[in-house]
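Colleague: Let's go through this model by question and answer. Please show it to me.

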Amino acid sequence: MAQVISGQIGGQPILILREGSSRNTGKDAQRNNIMAAKVVTNVVKSALGPKGMDKMLIDSLGDAAITSDGATILKEMDIQHPVAKMMVEVAEATDYEVGDGTTSVMVFVGRLLEEAEELLDKNVHPTIIVEGYRRAADKALEIFGDIAVSVKATDRVVLRKVAMTSMASKIVRGYLAGLSIDAVLKVAEKRGKGYVVDLDNIEVEMKAGGSIVETKLIEGMVIDKRVIHSGMPRRVEGARIALLDYALEIEKTDFDAKIQIERPEQIQAFLDEEERMLRVMVDKIVGAGANVLIYQKGFDDLLQHFLAKKAILAVRQAKKSSMEKLAKATGGQIVSSVDGLSGVELGSAKLVEERKVGDDKWMFIEGCEDPKAVTILVRSGTEKIGDEAERSLHDALCVVRDVVEAPVVVAGGGASEIEVSSRLRKWAEGLSGRVQLATLNFAEAMEVIPMTLAENAGLDPIDILVDLRARHEKGELWAGVDMFGGGVCDMAGLDVFEPLVVKEQIVKAASGSACMILRI
Ligand code: ADP
Ligand code: MG
C-alpha cells in the first residue's frame, strides 16, 4: 500500500500519500488519486480569502516561512504524490497566466474530484464524468462572460478595488495598491484599442530595513551597484547616460604575444599608445554629451582614472537585463562602441545618485520622462515581512495588469460563483442522461468557494449557502460572503472586485486538471 511522508505546518505533521513499491491499479488507484487531491485541498483550504489563516512552514533546514498563500504553502512542502504534484503545477500555471486565484484553483479541483467520487459511487463511468465536466466548464465560462461588467482599462477607481481585493488580508494594502496601479499604468503600452502590459518591465527590489510605507515607486531603475572610483561624482543631476555593452579595453594580445620587444623604450611607447587610445575613448564619451556611463563589463584602472578626471559617474558590471531595462526607462540605446556614440543614443534621467539602502549602496536612476520600465523598491522591518509584501505586490501587479489588458470584472466573495452555479443548474435541467448528473455536480462544486470563505470567516457555511442561493434567486447578482461583516452582503457595495480572466482561468485550469486526474 501507500507509504506516508510528512511535511510540517505549524509543527503539525501533514501526511501526503506517496506511491509505494507496490502499484495500485484501476479503481483503487483512482480512489487513491482522489484522496491525495483532497488532502492537498484540505491543506490549502484554510488559506482562502482575507480571513485565511497564515501558515508557518518549517523546511528541512528548520527555516520558517509565514504565508497565507496556497501555492507558496505547497511549494515549501515536500510533495511526493504525482496527483498532489499536478495540483501544485495547476496552481503554478494559474500564477503564470493571471497571477491570482492559485488557492481557489486547488480548492476547486479538490471539490470537483470529491463530486466525481460521488458519481463513481453511483457507477457513473469516468469518461461520462469527464464529458459532463467539460461541457459544464464551457457553459460556466459563457455565463461568467454574461454576468461580468466591462470597465475602462485605465479607470483608477476600478483598478484600486481590484488591487485591494487581491491583497484583502494585508494591512498596508492601500499603500501598495496605489503603487501597483502607478507602476502598471507607467509601463502599459497602447496596442490597437487596448493595452499590453509586460510585468517584466516592473522590477521589484526588496531591501530589509526601514518600514513598508517607505516602499516606493522609482520612475527609473535601481541597481545594486556602486560608483566605481572615489574621484567620481556620487550624484549627477540632468543625467545623460551612455549605456555601453562592449569591452572598453585595448586589445593587449598583440603586445603580449606577437611584438618582440627589444628595447625598454618600446614598452614605454606601447604604454603611451594605450593611454592615448583610452583618452580618445573617454573624449568620445564626453564629446557625445554623456555625464553618466553604465557599463556591462569591467574597467581598466587607468580608464577609471580618466573618467573620474572628466567628472563622469561610472558604474560597471551591470547585468544585461538591467541594461535592457535601463534603456527602456531612460529612453536610451545600448551601444557596442564609443565610435558610434553621437549623443542621440544617450538616455536621460533627472537624477542619478548613489544612495545608502540598508547596509548597501545602490544606484538610483530616477525621474525618467515617460519611462517604459520602472522599479518598486520594497522596504520592510524584517525580511519575512518583506517577502510577504513582495507576494502581495505580485498579486496586485498581476490583477491590475489583468484588468488593464482585459477590462472586465466580476464581484468577489463567492458572488459570481453562486450566480454561475445557479445558472448552470438551470441549463443542466435541459440535459438528460448521466452527463446531466456530472454537470449538476460541477455546478455544486462551484459553491465550494463561497462555502470555504464562509468557513474561514467562522460562519456556518450551510446557513450562508442557503441565504446566498435565496438572494441570487431574487436577482441579487453580487450577493456574496461578507467575511468582515459576517453574513451575506452585496459585494459590489463592498468594492470587492476581481478580474474576469482570473475566474476564467480557475474554471479552465481546475476542470482540465480534474479531468486529467480522472483519466489516469
Ligand atoms: P487565491 O489564491 O485563490 O487568490 P485568496 O486567499 O487571495 O486566494 O482569496 C481569494 C478569494 O477571497 C476570492 O474568492 C475573493 O473574492 C475573496 N475575497 C477577497 N476579499 C474579500 C472580501 N473582502 N470579502 C469576501 N471575500 C473576499
Ligand atoms: Mg488572491
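Modeller: Start with a term: buried means under 20% relative accessible area. Keep in mind that this is a predicted model.

Colleague: Is tyrosine 133 buried or exposed?

Modeller: The cut-off for buried is under 20% relative accessible area. Tyrosine 133 has a relative accessible area of 0%. Therefore tyrosine 133 is buried.

Colleague: Which ring forms an aromatic pair with tyrosine 133?

Modeller: The pair is edge-to-face, with 70° between the planes. Centre to centre, the rings are 5.7 Å apart. The partner is phenylalanine 442.

Colleague: How many residues apart in sequence are the parts that this pair ties together?

Modeller: Tyrosine 133 lies in helix α5 (residues 126-147). Phenylalanine 442 lies in helix α14. So the pair ties together parts that are 309 residues apart in sequence.

Colleague: Which residues form the aromatic cluster?

Modeller: The structure holds two aromatic pairs. The cluster is Phe108, Tyr133 and Phe442.

Colleague: In β17, which residue is the bridge partner of lysine 207?

Modeller: β8 and β17 pair in the parallel sense over seven bridges. The bridge partner of lysine 207 in β17 is arginine 379.

Key
Residues numbered from 1 in each chain as written. Chains lettered and ligands numbered in written order. Predicted model: local features only at pLDDT ≥ 70, side-chain atom pairs only at ≥ 80, totals over all residues. Heavy atoms only, no water. Pairing = 2+ DSSP bridges. Helix = DSSP H or I, 4+ residues; strand = E, 2+ residues; numbered from the N terminus. Phe/Tyr/Trp six-rings, centres within 6.5 Å; stacked < 30°, edge-to-face > 60°. Buried < 20%, exposed > 50% of the residue type's maximum accessible area, 1.4 Å probe, protein only.
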